[in-house]
Amino acid sequence: MNMFASPSSSKAIQYRQVSASIDISVRSMDFTFPDEIPEFWFSNNPLLTLLLTALSSAFPDGERQFIHSVRHYQNKIEDPILLQQVRAFIGQEAHHGKEHDVLNGVMLKKGYPVDRIYKRFKKMNRLMQTQFSPAHQLACTVCMEHLTAILSDYFISTAPEDLALFNVHLRKIWVWHAIEETEHKAVAFDVYQSLVNRPYFLRLVMLETTLSFVLVTGRGTIELLRHSGRQRDLKGLYQGLGYLFGRKGLVRNISKAYLDFFSADFHPWQHDNRNMMRLLKNQYFNEQ
Ligand SMILES: [Fe+2]
Ligand SMILES: [Fe+2]
């Protein structure tokens, strides 16, 4: 028995219809950041800022790996809407990499070894390209897209008021990235479902991806934190850990959406956050 909905089940068709209706816009941003951005630009907290910095350091090459994994299947896609969405997905991810390079430059200028994290992650991706099958690489992308979608949704639907915790000069790049991750959250999944469709394998890859995501991000954060000299700032650590793992913390809030990935008829658009996304698009990009 296939525990994921078959691509022809009524629920799968319903989700795919939502997916197909999403207008995925490639926005060219050209962000610049002034030098006076404070060192700890999220909630004035070293741990949380450096966690986001570790994520941002891995983004540029991570986004390129996502593109690489999807491109492999591009010629086999028959659905013209999905093909169009794959092109937009590639465009969006390429821009994310470029803009996060600029943000990473800000932290590099402040002396943080973000280039070391970047290079280490790049090596890992090259290894993946030589050791993993195309289906395995695509599955990794599907899983990473789920992780980025639920993290984005935390700031879009669950706690949009927390966007105010970003320094004003950096808020827009994170909002922009969260919106676009939401717009294209089902693209890799739809490609996987239509051309690979090995649900059990995908679940195993989710466990593998989650573990490596936690290890890579955790290691990067600890490195950056040591560099900041704030690794013994107990108040800052307590506040940061509380934000992440507290009773009303981020991890608790996204855990249900994370686990939904393992359920029978999972599809990224079963978490329908179009309305909240529309509000942010309107607020930050004057889009209707
Ligand atoms: Fe992205
Ligand atoms: Fe993405």
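## A glutamate beside the metal site

Leaving aside residues up to four places away in sequence, E180 touches S25, V26, R27, Q92 and H96, where contact means heavy atoms within 4.5 Å. E180 has its place in helix α6; helices are DSSP runs (H or I, at least four residues), numbered from the N terminus. With a relative accessibility of 0%, E180 counts as buried, which means under 20% relative accessible area (1.4 Å probe, protein chains only).

## Basis of the report

This is a predicted model, in which local features need pLDDT of at least 70 and side-chain atom pairs count only at pLDDT 80 or more, while totals for chains, interfaces and linings use all residues. Residues are numbered from 1 along each chain, chains are lettered from A and ligands numbered from 1 in the order written, and side-chain values use heavy atoms, without hydrogens and water.

## The iron ion (ligand 1)

The protein donors of this ion are E63, E93, H96, H177 and E181, at 2.0 to 2.5 Å. Donors are N, O and S atoms within 2.8 Å of the metal (3.2 Å for Na, K and Ca); water is not among the atoms, so sites may look incomplete. Along the chain, the donors follow the spacing E-x29-E-x2-H-x80-H-x3-E. H96 in helix α3 (residues 80–109) and E181 in helix α6 (residues 168–183) are 85 residues apart. H96 is buried at 0% relative accessibility, and E181 is buried at 2%.

## The iron ion (ligand 2)

E93, E145, E181 and H184 coordinate the iron ion (ligand 2) at 2.0 to 2.7 Å. E93 bridges this ion and the iron ion (ligand 1), which lie 3.7 Å apart. Because E93 lies in helix α3 and E181 in helix α6, the pair ties together parts that are 88 residues apart in sequence.

Technical notes
Helices (H or I, at least four residues) and strands (E, at least two) are DSSP runs, numbered from the N terminus. Buried means under 20% relative accessible area, exposed over 50%, partly exposed in between (1.4 Å probe, protein chains only).
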